[in-house]
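Q: Can you take me through the rings and a few surface and core positions in this one?

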Amino acid sequence: MTISVIYGGTRPNGNTETLTKLVTEGIVVEEIYLKDYSIEPIIDKRHAEEGFPEVNDDYNSIIDRILPHDIIIISTPIYWYSMTGTMKNFVDRWSQTLRDPKYPDFKSLMASKKAYVIAVGGDEPYIKGLPMIQQFQHIFDFVGTTFEGYIIGEGNRPGDISQDMKALSAAEQLRKKLQ
């Protein structure tokens, strides 16, 4: 089984990245840092006769990198009770890919995958992060991806995640499961 990790944070070595790296320590994964790519917002042309326009950005190259993998780990800080804007732009573009003739099997390929979400927030994340987890459940249900689970951690300032023993324990358990 191969794994891709999609990082949605913008802080280098942030709490979410740190927690995710604890999960993937010693495991070969393909890491994709969305902050390093240009992903344009979707221009919704689902109902337009001409369909979606071609977009000259890095989005398709990221899709090409994740599709071969069996497992996707979504790693995102919790921003305003949801994923980062960078991650949301990426997921929004799935609507375009679902109708892109270059990706006729996108939905079936996504349906063959398992997914995990790792998220860290600073203000009651175990409560305030749940709407985002529900959102990911709906997203994965729509494309048929099996949502295997999630880890929510608490951390605001850099390094704070090292104090969240519950999240650190969950990360270790997930790493053992993925090995």
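Q: What should I know about the model and the numbering first?
A: This is a predicted model, in which local features need pLDDT of at least 70, side-chain atom pairs count only at pLDDT 80 or more, and totals for chains, interfaces and linings use all residues. Residues are numbered from 1 along each chain as its sequence is written, and side-chain values use heavy atoms, with hydrogens and water left out.

Q: How many aromatic pairs are there?
A: The count is seven aromatic pairs. Rings of Phe, Tyr and Trp (its six-membered ring) pair if their centres lie within 6.5 Å; planes under 30 degrees apart are stacked, over 60 edge-to-face, and the rest tilted.

Q: Why is the pair of Phe90 and Trp94 edge-to-face?
A: Because the planes of Phe90 and Trp94 are at 80°, with the ring centres 6.1 Å apart.

Q: Are those two buried or exposed?
A: Phe90 is buried, at a relative accessible area of 0%, and Trp94 is buried at 5%. Buried means under 20% relative accessible area, exposed over 50%, and partly exposed in between (1.4 Å probe, protein chains only).

Q: What about Phe147 and Tyr150?
A: Their ring centres are 6.5 Å apart and the planes are at 35°, so that pair is tilted. Phe147 is buried at 16%, whereas Tyr150 is partly exposed at 42%.

Q: Which rings are linked into a cluster?
A: Tyr59, Phe90, Trp94 and Phe106, through ring pairs.

Q: Switching topic: which lysine lies over the face of Phe142?
A: Lys107, at 4.5 Å from the ring centre. The rule is that NZ of Lys or CZ of Arg is within 6 Å of the ring centre and within 35 degrees of the ring normal.

Q: And what sits over the ring of Tyr126?
A: The charged end of Lys166, 4.5 Å from the centre of that ring.

Q: Now the surface. Which residues make the nonpolar patch?
A: Tyr79, Trp80 and Tyr81 make a nonpolar surface patch of about 440 Å². Patch residues have over 30% relative accessible area and no salt bridge, with nonpolar side chains joined within 5 Å; a salt bridge is a side-chain nitrogen of Lys or Arg within 4 Å of a carboxyl oxygen of Asp or Glu.

Q: Where is Tyr81?
A: In the loop between β3 (71-77) and α3 (85-92). Helices (H or I, at least four residues) and strands (E, at least two) are DSSP runs, numbered from the N terminus. Tyr81 is partly exposed, at 43% relative accessibility.

Conventions
Patch = residues over 30% accessible without salt bridge, like charges linked within 9 Å, V, L, I, M, F, W, Y side chains within 5 Å. Areas by Shrake-Rupley, 256 points an atom, 1.4 Å probe, with all protein chains shown as cover.
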